[in-house]
Amino acid sequence: MPLDRLLSPIPCGDIEFAQRVWMAPLTRSRSQQPGDIPWDLNAQYYAQRANPETGAGLIIAEATQVSPQGKGYAFTPGIHTDEQVEGWKLVTDAVHAKGGKIFLQLWHVGRISHVDLQPGGQKPVAPSAIRAEGMTYTSAESGRVPVSEPRALGLDEIPGVVEQFRSGAANAKAAGFDGVEIHGANGYLLDQFLRSHTNKRTDAYGGPVERRARFCLEVSEAVIDVWGAGRVGYRVNPMGTFNSMGDDSPEETFGYLASELGKRGVCYIHGVEAFAQDERDDATERVLAVIRESFKTDHATPDRSVYVGNGGYTAELAEQRLRDGLCDAVAFGKLFISNPDLTARFRGGYELNEWNQETFYGGTAEGYTDYPALSS
């Protein structure tokens, strides 16, 4: 199947991207220690994937904690200190030198953390004091350990967490990014507030969907204040159960959120649709359809509003779903880990490198910057 649609340019918010093969945010746990600081190795990794002719039309950089409280895993980078900002400048400069564009994903893990990672050994925070069945790692030696029991955020604390996202957005701008993506997926803090199985609050941030979504929308407005809506994306995972997640009415919940994000003009919604190609069942497809329709119908500039699909995509599946109007761009994850020149391989029909899952998290250059490109 010719990949005419996948390899065509796409306007999105304030930016036009060279093609629709985007790089998904990928936690790789290789920041420099101490301090969770991006460094030369990270800059090399992103630069390898930055040329829009051979690599990503847009790189969405890995999930990056907006505060020490937002950290849930050892060795993940931050965007809340001057040293981290300077480290990310190495990355954005390297990407821009290759002609690429890069957004930073802003992240607060909420309850998916451990007391050993939290300032002063405090409990992680959540909308409600419900412990997840998730796992994390707190050091190179810890192995996988259960996440800690969280505490519910006080009503008076929530504005401060919104400000953590605002500060992270401002720091991302100072670091030279082209925009930001808000991490509202995969069972982390914004997702915890939004979905009914994890939000049991009875105040202004709990109960009906309009109140459960309030925190997500306040964070979005804070980030838009910094960047403008045309450079802000938002990630969702409407049917995901990872980190003990669920919702009683996902069509209503995510349809409402998508409509409100559209009204605020965010440039894209990035949907985690599946982890394998065959996981898009009828229920998932119905929710995705509601998200797309609600977002685009209510968007301030619908011709520049983009829905990004993610999860288990091949080039052929991406092309078909683009042609069918089921997405506007596709974010590839594991394929970009092992193929820094993924777009060139798609365009030429070349064989793809296989990834090594044992080197996904932590370590050095092995399994990170040593995957061969076609020209090597």
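In which handedness of crossing does H7 pass H8? I opened the notebook with that one, keeping in mind that this is a predicted model.

**Entry 1: the crossing.** I found that the crossing of H7 past H8 is right-handed. I then looked up the geometry: the axes of H7 (residues 250-264) and H8 (residues 282-297) come within 7 Å and cross at roughly 20°. Angles under 35 degrees count as roughly parallel, so I noted H7 as roughly parallel to H8.

**Entry 2: who makes the contact.** From H7 I listed Pro 250, Glu 251, Phe 254, Gly 255, Ala 258, Ser 259, Leu 261 and Gly 262. On the H8 side I wrote down Arg 286, Val 287, Val 290, Ile 291, Ser 294 and Phe 295.

**Entry 3: H8 on its own.** I checked the length next: H8 has 16 residues and spans 22 Å from its first C-alpha to its last, close to the 22 Å expected at 1.5 Å a residue. Its buried residues are Thr 284, Val 287, Leu 288, Ile 291, Arg 292, Ser 294 and Phe 295. I also looked up what these buried residues pack against: strands E11 (232-236), E12 (268-272) and E13 (306-310), along with helices H7 and H9 (315-323).

**Entry 4: a closer look at Ser 294.** Leaving out residues up to four places away in sequence, I found Ser 294 touching Gly 255, Ala 258 and Ser 259.

Methods. Residues numbered from 1 in each chain as written. Predicted model: local features only at pLDDT ≥ 70, side-chain atom pairs only at ≥ 80, totals over all residues. Heavy atoms only, no water. Axes fitted to C-alpha atoms, helices over the stretch in contact; angles between N-to-C directions. Helix = DSSP H or I, 4+ residues; strand = E, 2+ residues; numbered from the N terminus. Parallel < 35°, antiparallel > 145°, perpendicular 65-115°, else oblique. Left-handed = near helix turned anticlockwise from the far one by under 90°. Contact = heavy atoms within 4.5 Å. Expected span 1.5 Å × (residues − 1). Buried < 20%, exposed > 50% of the residue type's maximum accessible area, 1.4 Å probe, protein only.
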